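Here is a short report on helix packing and aromatic pairs. Look at the model first, then read on.

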Amino acid sequence: MGALVHRNGLPICIKEMAADLWKSLLQTAKEKIIQQRRASLYDCAHGYQEELIKKKLQQFPGGSINLSKEGNGIGILTLNNPRLMNAFTGTMMLELQERVTELETWKEGKGLIVCGVGNTFCSGSDLNAVKAMSNSEDGMNMCMFMQNTLTRLMRLPLISVALVQGKALGGGAELTTTCDFRLMTPGSEIRFVHKQMGLVPGWGGATRLVQIVGHGAALQLLSGAVKVDPEGALRLGLSEKTLVSSDETGSLEEARAWLSLYTEGPASVIQAVKKVVTAGKELPLEAALRTEKDVFGSVWGGPANLQALVRRPKHK
Ligand SMILES: CCCC(=O)SCCNC(=O)CCNC(=O)[C@H](O)C(C)(C)COP(=O)(O)OP(=O)(O)OC[C@H]1O[C@@H](n2cnc3c(N)ncnc32)[C@H](O)[C@@H]1OP(=O)(O)O
């Protein structure tokens with residue numbers, strides 16, 4: 001029998017409190033897993049062996065994926081492997097998954113900037129790892145692992161921007177397409193070099209590229225392994241803006257300022273906006289409408305809504 005304490009005049013057993021706490025922790029963990037499954041594409045029913053590929057990726061260490069969550073609700077996700085032009089090692093792929101999990105539960109989050117260190121974005125997957133994993137089983141598992149992670153990144157309820165400095169090649173080009181927007185610095189390039197490597201994109205980049213620039217342009221960019229400069233990207237609708245600065249600090253500051261135009265306001269409302277737009281993009285009409293209704297219900301009569309009704313702002 002546990003010790004008795006009093007709360008609101010009622011005796012409560014410490015053991016019971018511990019059991020309640022344990023139950024609620026389990027519930028949170030369960031909800032997290034369900035949320036991740038919902039946002040992911042592949043599980044064992046698709047022949048995907050997550051534990052196997054995680055063990056394999058662990059064998060290719062180097063670099064890191066850093067996340068800083070700023071007080072204004074903007075997260076900065078940084079690829080950090082300057083020795084290899086920010087190429088993705090195995091452990092960076094694993095870390096990306098962990099950071100995405102962290103971002104999925106960031107209640108105060110509103111926006112995300114994805115960038116690289118050393119004035120460049122990312123030169124794709126680490127060719128040393130690619131070579132060692134060139135068998136079909138590893139290739140397919142790695143492909144499904146990255147599609148799961150990048151799909152979850154794309155579906156985060158945060159407005160996301162890829163800040164492209166220097167080069168975004170191969171898997172790096174694919175990563176830019178997971179973001180809602182791309183901003184490019186002068187002299188930077190996005191290039192799907194896969195054809196030159198005897199490949200096609202496998203991290204979901206081809207599918208997302210078609211959604212962004214349309215079928216014809218996507219076909220040209222992939223089949224010609226075309227180097228897309230900031231002007232070309234603007235023309236194609238692949239980039240929103242060419243920034244003025246080309247250095248790391250200046251361009252990050254510009255990206256923050258650009259993003260802040262869209263992240264002003266309460267996190268609950270910004271996240272709701274991203275959710276309804278994601279539903280509209282991804283779901284068939286009726287399912288999207290039902291999701292919109294549910295998301296609407298989550299903000300209707302909420303604090304931001306009630307405050308606005310009191311303030312009665314004029315939208316001149
Ligand atoms: C499904 C995923 C598909 C993919 O992502 S496949 C990979 C696609 N990416 C590539 O093929 C990039 C190959 N690298 C290059 O073209 C050039 O290195 C690049 C990025 C244009 C930079 O050229 P430079 O400025 O002349 O610099 P550099 O060649 O001396 O590179 C500096 C060091 O970085 C290394 N590096 C760059 N990208 C890499 C990668 N993806 N994997 C492994 N190592 C990579 C490069 O080997 C060099 O290292 P080191 O100094 O020779 O030890």
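The axes of helix H7 (residues 205-213) and helix H8 (residues 215-223) cross at roughly 130 degrees and come within 7 Å. That makes H7 oblique to H8. Axes are lines fitted to C-alpha atoms, for helices over the stretch in contact, and angles run from 0 to 180 degrees between N-to-C directions. Contact means heavy atoms within 4.5 Å. H7 contributes Ala206, Leu209, Val210 and Val213, while H8 contributes His215, Ala217, Ala218, Leu221 and Leu222.

This is a predicted model: local features need pLDDT of at least 70, side-chain atom pairs count only at pLDDT 80 or more, and totals for chains, interfaces and linings use all residues. Residues are numbered from 1 along each chain as its sequence is written, and side-chain values use heavy atoms, with hydrogens and water left out.

Helix H11 (residues 267-282) and helix H12 (residues 285-299) have axes that come within 9 Å and cross at roughly 175 degrees. H11 is therefore roughly antiparallel to H12.

Now the aromatic rings. The structure holds five aromatic pairs (ring centres within 6.5 Å; planes under 30 degrees apart are stacked, over 60 edge-to-face, the rest tilted; for Trp the six-membered ring is used). Two of them are set out here.

| Pair | Centres | Planes | Type |
|---|---|---|---|
| Phenylalanine 88 and tryptophan 203 | 5.6 Å apart | 90 degrees | edge-to-face |
| Phenylalanine 296 and tryptophan 300 | 5.3 Å apart | 35 degrees | tilted |

Phe181, Trp258 and Tyr262 form one aromatic cluster.

Technical notes: Helix = DSSP H or I, 4+ residues; strand = E, 2+ residues; numbered from the N terminus. Parallel < 35°, antiparallel > 145°, perpendicular 65-115°, else oblique.
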